[in-house]
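Welcome! Take a moment to look over the model, and then let's walk through it together.

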Amino acid sequence: MIQSMSRKGNCLDNAVMENFFGILKSELLYLRKFKSLAEFKLELIKYIDYYNNKIMAL
């Protein structure tokens, strides 16, 4: 992912993504230590799949 910085920011512009990254960090990143970057990437892919297909389907 690449952060967009093309214009003056408005706090409401990125509210959805800020919320997602806050949830991601509290549910995935802060709960465990990863042995490698590859392990983190695999868990991140699984988390995003879970978030998009399980939580958002409720």
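Leaving aside its neighbours within four places in sequence, Phe20 is in contact with Tyr47, Ile48 and Tyr51. Keep in mind that this is a predicted model.

- Phe20 sits in helix 1.
- Is Phe20 buried or exposed? Phe20 is buried, because its relative accessible area is 12%, and buried means under 20%.
- Along the sequence, Phe20 and Tyr51 are 31 residues apart, yet their C-alpha atoms lie 9.4 Å from each other in space.

**How the two helices cross**
- Two packed helices are described by the angle between their axes and the distance between the axes.
- Here, the axes of helix 1 (residues 15-29) and helix 2 (residues 37-55) come within 11 Å and cross at roughly 125°.
- That angle makes helix 1 oblique to helix 2.
- The crossing of the two helices is right-handed.

**Where the helices meet**
- Helix 1 brings Phe20, Ile23, Leu24, Glu27, Leu28 and Leu29 to the contact, and helix 2 brings Phe40, Glu43, Leu44, Tyr47, Ile48 and Tyr51.
- Sorted by class, this contact has 10 nonpolar, no polar and two charged residues.

**The nonpolar core**
- Which residues make up the largest nonpolar core? Its seven residues are Phe20, Leu24, Leu28, Phe34, Leu44, Tyr47 and Tyr51.
- Helix 1 and helix 2 are the elements that give two or more residues to this core.
- Phe34, one of the core residues, touches Leu28, Leu29, Glu39, Phe40 and Glu43, not counting residues up to four places away in sequence.

Notes:
Residues numbered from 1 in each chain as written. Predicted model: local features only at pLDDT ≥ 70, side-chain atom pairs only at ≥ 80, totals over all residues. Heavy atoms only, no water. Axes fitted to C-alpha atoms, helices over the stretch in contact; angles between N-to-C directions. Helix = DSSP H or I, 4+ residues; strand = E, 2+ residues; numbered from the N terminus. Parallel < 35°, antiparallel > 145°, perpendicular 65-115°, else oblique. Left-handed = near helix turned anticlockwise from the far one by under 90°. Contact = heavy atoms within 4.5 Å. Nonpolar A, V, L, I, M, F, W, Y, C, P; charged D, E, K, R; others polar. Core = buried A, V, L, I, M, F, W, Y, C linked by side-chain atoms within 4.5 Å. Buried < 20%, exposed > 50% of the residue type's maximum accessible area, 1.4 Å probe, protein only.
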